[in-house]
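Trainee: I am new to this structure and would be grateful for a close look at one part of it. Please describe that part in detail and then lead on to other parts.

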Amino acid sequence: MKGSAHVFDQGSLSGDPLSILDQAGRLVAGYEVDGDDLRRLYESMVWIRTYDRKATAMQLQGRLATYSPFFGQEACQIGSVAALADGDWLAGTYRDAGAMWFRGYSWERLFLGRTGDERGGQPAEDVTVMPPSITVGGHMVHAVGLSWAEKMKGSGKIALTMFGEGATSEGDFHEAMNFAGVFHTPTVFFCQNNQYAISAPREIQTASDSIAQKALAYGMVGYLVNGNDVLAVREVTAAAAERARNGDGPSLIEAITYRRGPHTTADDPTKYRTSQEEDLWTERDPLERVRAYLADAGLWDEPWQTELEEAAGVAVETAVGAAEALPKLDAGNFFDAVFENPNPTLSDEKAAAARRLELGEA
Amino acid sequence: MAELSYRDAVAAGLAQEMERDDTVYMIGEDIAAAGGVFKATPGLLERFGPRRVRDTPISEEAITGAAMGAAMTGLRPVAELMFSDFIATCWDIIANQIAKTRYMTDGQITLPLVIRTANGAGSRFGAQHSQSLENWAMAVPGLKVVAPSTPADVKGLLAASIRDDDPVMFFEHKSLYATKGDVPDGEHVEELGVAKVRREGSDATIVALAAMVPRALDAAERLAADGIDCTVIDVRSLVPLDTQTILGSVRSTSRLYTVEENPRLCGWGAEIASIVAEELFYDLDGPIVRITTPHVPLPAADALEDATLPTVERIYQTIKNSD
């Protein structure tokens with residue numbers, strides 16, 4: 001990226017969010033784009049949108065227990081983690097399947113988790129991605145611990161934690177930010193401000209002008225970035241990651257985006273927001289602006305789009321098939337998973353549960 | 001009598017008390033515009049306005065702490081914690097502050113507040129969203145603990161909890177929200193600390209709470225067909241605990257079974273078993289038997305969750321096959 005790189009070094013706490021590619025797919029003055037690089041980012045966003053659609057449909061068919069769509073937040077999902085290096089940690093939420101996949105957490109395991117199978121909570125050996133945090137906020141503190149440990153080890157690795165604007169109302173946010181500031185940990189706090197926490201709009205979460213400005217009080221750099229602009233998201237995250245890696249401490253990024261879907265498939269957004277507002281954010285779609293830029297540059301056409309969607313569709317279907325083909329967990333598995341070493345009380349209860357399951361009663 | 005669902009009875013109980021007493025107000029996440037994530041509070045925002053029905057940030061510690069502060073001034077706040085599992089995020093406020101303030105001010109400060117929360121399994125929400133935590137609350141001196149099993153009790157016990165001058169943890173059961181039952185017309189208020197005999201029988205006493213009550217009743221019907229006639233007691237309130245109703249029944253049946261959704265160790269039934277063993281040891285015809293969830297985090301998968309909780313079949317088999 002060329003141009004106003006200094007903006008990304010200094011941070012920005014309020015005002016217009018930093019942007020590189022505007023809503024119509026035009027470059028903001030002063031920036032250049034590598035077409036192949038942007039095509040790769042676009043491809044990843046198409047892939048995760050395909051996953052998101054499939055997962056939403058599967059939940060409605062009763063094949064997933066619950067699902068929290070990230071539809072509309074694809075630039076945050078990809079732009080943030082595209083700035084990480086091998087071995088860096090990611091600690092995200094139940095709405096961050098796109099980012100988790102980009103960092104190597106397989107779709108098969110992501111699906112498995114959402115079917116209610118605890119094996120979905122196991123990242124593969126070489127994947128430095130925490131399982132998704134189901135309760136709100138606790139994982140931000142984990143990211144501080146992860147990055148603190150890497151700092152003590154001198155590994156040069158960092159941790160990035162993703163959370164929503166609603167999570168900044170939890171006490172965990174304050175304690176994580178404060179710890180990170182005090183211990184100068186290599187942590188990137190990445191807030192996806194998607195405007196709603198279930199039904200609660202951004203306005204009732206905080207009276208601050210921005211969430212980014214909270215960085216100031218914890219002695220760290222803050223960024224306000226357009227979360228639907230994948231290039232800008234990656235650029236600010238790269239600046240924050242570089243500072244963390246160089247020993248210059250933690251940063252807070254607020255990425256302004258929109259949860260175009262419901263909170264979960266059990267939620268009805270028409271009760272708390274207008275279709276006019278939804279339309280506004282449809283126009284700001286994170287994929288469409290990239291597609292428009294690429295098309296204008298002669299780097300996008302319909303056949304390529306179809307090819308991407310088909311390839312992603314096949315990959316998603318394969319993952320679904322693999323997840324659904326795994327032998328089911330039985331009672332033994334979850335009793336064995338409670339402690340490292342079994343204790344007699346649990347062993348008795350396990351035997352009793354196994355007998356009940358064999359009887360087929362429930 | 002009108003037939004209401006358990007979830008509608010929550011709104012009906014709140015409306016009854018808010019209509020009667022304008023110091024009663026509600027705070028919690030997604031309770032106003034969205035009507036609650038379990039749809040237990042719809043229509044209250046429209047009826048009582050945003051001053052008394054308040055959506056909050058995702059801040060359980062502030063929700064419960066602010067309820068405590070408001071209660072100190074004489075208001076009667078009803079705070080909602082979306083899932084009972086989230087009491088762990090504000091346990092300092094509940095267990096150290098709310099529960100102990102009356103004692104530490106030698107009775108000067110009363111805290112007439114209610115914390116409503118969706119408790120229990122059945123929705124396949126996994127280890128962090130399906131727990132039965134009534135026994136955590138029961139272990140803290142200074143908290144009252146209520147867990148209704150029927151729509152009528154939801155309304156009547158919620159009203160009693162709101163009118164009570166002490167802090168009450170009110171555990172609504174997720175898997176009962178859709179169930180229906182008759183609720184008395186007009187003002188309906190029950191009494192805290194009074195258990196309810198749901199079925200009379202002479203051979204054994206089954207003590208159950210919340211979602212385990214209908215299961216115990218179904219098991220009792222099957223046992224009756226086998227010639228074993230059981231009394232089923234709905235405990236309704238763990239603190240205060242109606243030991244007299246339980247002891248009176250066991251004195252006549254000489255057998256006690258508890259049916260508990262909480263994990264086995266230190267579940268509420270252990271306390272009842274202990275009381276009965278102390279008081280009625282020589283009246284018992286057999287060992288007291290506790291039918292509980294094993295001491296494991298709850299699995300998310302439907303078949304495994306079902307196999308983990310006490311089922312009608314397990315209650316039936318346990319009682320039928322006991323010594």
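Mentor: In this predicted model, Phe179(A), Val182(A) and Phe183(A) form a nonpolar surface patch with about 280 Å² of accessible area together. Such a patch joins nonpolar side chains (Val, Leu, Ile, Met, Phe, Trp, Tyr) within 5 Å, or like charges within 9 Å, from residues with over 30% relative accessible area and no salt bridge; areas come from the Shrake-Rupley method with a 1.4 Å probe, and for residues only the protein chains shown count as cover. Val182(A) belongs to helix 7 (residues 171-183) of chain A, helices being DSSP runs (H or I) of at least four residues, numbered from the N terminus. Val182(A) counts as exposed because its relative accessibility is 58%, where exposed means over 50%, buried under 20% and partly exposed in between.

Helix 5 (residues 107-114) of chain A is mostly covered, with six of its eight residues buried. Those six are Trp107(A), Leu110(A), Phe111(A), Leu112(A), Gly113(A) and Arg114(A), and they pack against helix 2 (35-60), helix 4 (97-102) and helix 12 (302-325) of chain A. Just after helix 5, Gly116(A) has a positive phi of about 95 degrees.

Where chain A meets chain B, 28 residues of chain A and 32 of chain B take part in the contact, that is, heavy atoms within 4.5 Å. Zero salt bridges are counted between the two chains, a salt bridge being a Lys or Arg side-chain nitrogen within 4 Å of an Asp or Glu carboxyl oxygen.

Residues are numbered from 1 along each chain as its sequence is written, and chains are lettered from A and ligands numbered from 1 in the order in which they are written. Local features need pLDDT of at least 70, side-chain atom pairs count only at pLDDT 80 or more, totals for chains, interfaces and linings use all residues, and side-chain values use heavy atoms, leaving out hydrogens and water.

Definitions and conventions. Helix = DSSP H or I, 4+ residues; strand = E, 2+ residues; numbered from the N terminus. Buried < 20%, exposed > 50% of the residue type's maximum accessible area, 1.4 Å probe, protein only.
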